[in-house]
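Thanks for taking a look at this one with me.

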Amino acid sequence: MAFDPLRSTPQDGHPAPSAAGPSPAAHRFGRRRLLAGATALGALALAGNRLARPPASAANVRAQSVGSPVPASSPTAATPAATPTSPEMIGQLQVIRDPRPVYQGEPAEGDALNLLLAAGDNGDFSPTAFRQDFQILASYLDPLVWIDEVTMEPVPWLATSWDSDSKGTTITYTLRDDVVWHDGSQIHARDVVFSFNAYRDDLDSAVRNFFTNMESAEAPNRTTVKVTLTAPDANWFLNASSQFVIQRGQYNKYWTSRPEGERTLSGFNWKKDPPVGTGPWKVDSWSDNGITFQRNDKYWAGAAHFATLSINSDADAVQRLDSWKQGQTDLLWPVNFSTVQSASDTPGKLYVADGASVMFAAFNFDNPARTPNDLLSDLRIRQALSLAIDRNRYASEVFGGFIRFDHAGTVAQPWAHDDSIVNPPRDVAAARDLLKQAGWESPAAGGVAVNAAGDQLDLSVILRNDSRNDLLLVLQSLVADLAEAGVGLRVRALSPERFAEVWTSTREYDLIAYAYGLFPGFTDFDLYGSNWDIRQNPQGWNPGGYSNKDVDQAIRDFLTAKNQDGARDPLLRLQKETNDDLFGLWFGFPQELILVRPDIQGFQPNILWQTWETRLLWRETATS
C-alpha cells in the first residue's frame, strides 16, 4: 500500500479502474493492494491485513519491547537485545535485515513523532473507501484480525479467537472484553457487524470484493460475532477479517438515512463529528497537508511512547529526502536504492524487509499482429527467453541487490510461497539451442534469429507509463540480454488509456509487464485461470489467454478450500505448474527499504505496511 516515485498507485495493486478495460470499476479497485493506495491504499488497505498458523513467537515479546503489558495474543514485535558489534553499512547508514529486530535498553517517553507521506489530500476519512493514506487509518483504527508482520498469517487482535463449522460457511468470532472507543464507550459485536456490512454495501467501498461471499453477519451478544458465507472462502480470515473495525454509533444514523443499495459513508461531516477509533492514536486536528494525533493512554495493547504523532505530506520526493536528512521526519518510506545512495551521507538506519510485491511479464499466446499468432505457445521459446535474462545484473544495477530476484511466480505471501521454485541461472548457449530446436536460428554473424520463412524473432512488451520506474528499468535491461540470444525486444510504455485498449481489445503485444503489491490472501486466480481469459470474459484478467488444465484444477481446489491450510496445497501446485508450463518471465520480489533516524528505537518491519506500528517506537536519549 504506498506512494513514491518507486511505487505509484496504479501498479502497486493490480490494474486500476482506468486500466481495467470492460470490467466494472469495483472489480478492479477491489483487487488492488488495499494497503497501497487509497490515495493511498487504494486498496488495502492492504487493506488492512495479515494471517492461520499462529507465528512461533506471537506471544509476549512485544511486552518486552514496548515496556507495558500486552496480551499473549498480540503480534510479535521488536524485543530488547544486544546491538551487533560489526554492523553492515552503506555510507553512514546501518543496514538492518532482521525481520524481527531486537533493541537494547528500556523504552523512553517522548514528545513528538513525525512522519512524512508522499500523498496529500487526506481529509476524507471514509473508512470503507480508503481515500486516505493508509498510515492515517492504521493510526486510529484496529483490525479484527491482525496479519503477522513477517508471515502474513492471521493473528488474534480485536478478536481473541475464531472458529468455523465443518462446511466452512459459518464463522464465529470472540471479541476482546477490554477494548474501548476513543469516546470511552465499549466496543460491541454490533460494531463489527456494521463494519462488515459497510465494507460489503458501501457504494464507494474499496474492498467490496472481499465481502461478496458474506450472506449475513449477526451479534448474538456483546462479544460474539457470527458470519454466514454463501460458500467456503479460504481468504476470509486473511482479507476480510483483517479490515478495520469502525464505530457503529458514529455512522449508523448517517448510513441508514439512505435506502439500501444507495448507502455510503462518503460525505460524512468529519469536521462536525471527528473520526473515532480504538487504535493507539486519537485524531486531534488536520489540514490539507497534515494531521495530528494524541496518544491513546488507554490503548488495550499498551500505549505509545510518544505523546503526539504528526503526519505531514509532500509529493516531491527530493523534498521528502531533504526533510529526512534535516531531521524533520523520523521515518522515510517508501524509498528506492537511488534514494538510499543519496541518503548515505547522513547517519541513520536502513531497514531491509521482504515485501509482498511482485514483478513479472506475462506471455501473450494469441497476438493477432504476428504470424503465427500463437508463437509463444511453444514452451521452448518461453524457456529460452527466461534463460537469456541476466537477473543478477538488474538485481545489482536497478535494485542495489535489494530484491529476491531468484524467486519465481507471483505468490509472494510467505504462508503460501514455495521457496524451492526458482528462476534458472543465465545460460545464453542453452537459450540459443532451444530457439534453434523451435526453428529460430541466429545468422552466423549474430543478430536477430530468423525462421525458415525468413521472419525475424522480434518481440514487444507493454507496460503502463506510470508504472514504477524500476519495472521499466528491468525491461530495458532485457533488451541487451535477449539480443545476445538472438531475440529482439521493443519496450512500449503506454498511457493508461492506450494500455487498457491494447491489452483488452487489440492484444497486439507479446508480453505484458506488471508490478504490484499483494493482499495476505491469494487473489490472482483470475490472472491464470482459463475461465478469466480476457478474450472471452470481460470480468477476467488473464491477459494472454494462458490455459493449463492442472492450473485450472488448482484454482478450483483453492476456491473451494475451507481454510488456509486447505488453500496452501493448491497454491503450491499452481506455482509449480505455472513455472513448468511457463506463464511469464519472473523478475522476482523487490524488498522494502525504510530509512529511520539513528535515535529512533523499536522499529518493526511490517510486510503489509512498513511504518504501521508507530506505537512501538521511542526516541533514544543519553540516559536511556
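1. Helix 5 and helix 7 cross in a left-handed way (left-handed means that the near helix is turned anticlockwise from the far one by less than a right angle, right-handed that it is turned clockwise). Helices (H or I, at least four residues) and strands (E, at least two) are DSSP runs, numbered from the N terminus.

2. A word on the source: this is a predicted model, where local features need pLDDT of at least 70 and side-chain atom pairs count only at pLDDT 80 or more, while totals for chains, interfaces and linings use all residues. Residues are numbered from 1 along each chain as its sequence is written, and side-chain values use heavy atoms, leaving out hydrogens and water.

3. Which residues of helix 5 and helix 7 meet? From helix 5 come R190, D191, F194, N197, A198 and D201, and from helix 7 R248, G249, Y251, N252 and W255 (contact means heavy atoms within 4.5 Å).

4. On to the rings: the whole structure holds 45 aromatic pairs. Rings of Phe, Tyr and Trp (its six-membered ring) pair if their centres lie within 6.5 Å; planes under 30 degrees apart count as stacked, over 60 as edge-to-face and the rest as tilted. F268 and W270 make a tilted pair, 4.8 Å centre to centre with 55 degrees between the planes. F268 is buried at 10% relative accessibility, and W270 is buried at 6% (buried means under 20% relative accessible area, exposed over 50%, partly exposed in between, with a 1.4 Å probe and protein chains only).

5. Please also find Y546 and F583, whose ring centres are 5.0 Å apart with planes at 80 degrees, so the pair is edge-to-face. Y546 lies in the loop between helix 15 (525-528) and helix 16 (549-559), and F583 in the loop between helix 17 (564-580) and strand 24 (584-596), so the pair ties together parts 37 residues apart in sequence. Y546 is buried at 2%, and F583 is buried at 1%.
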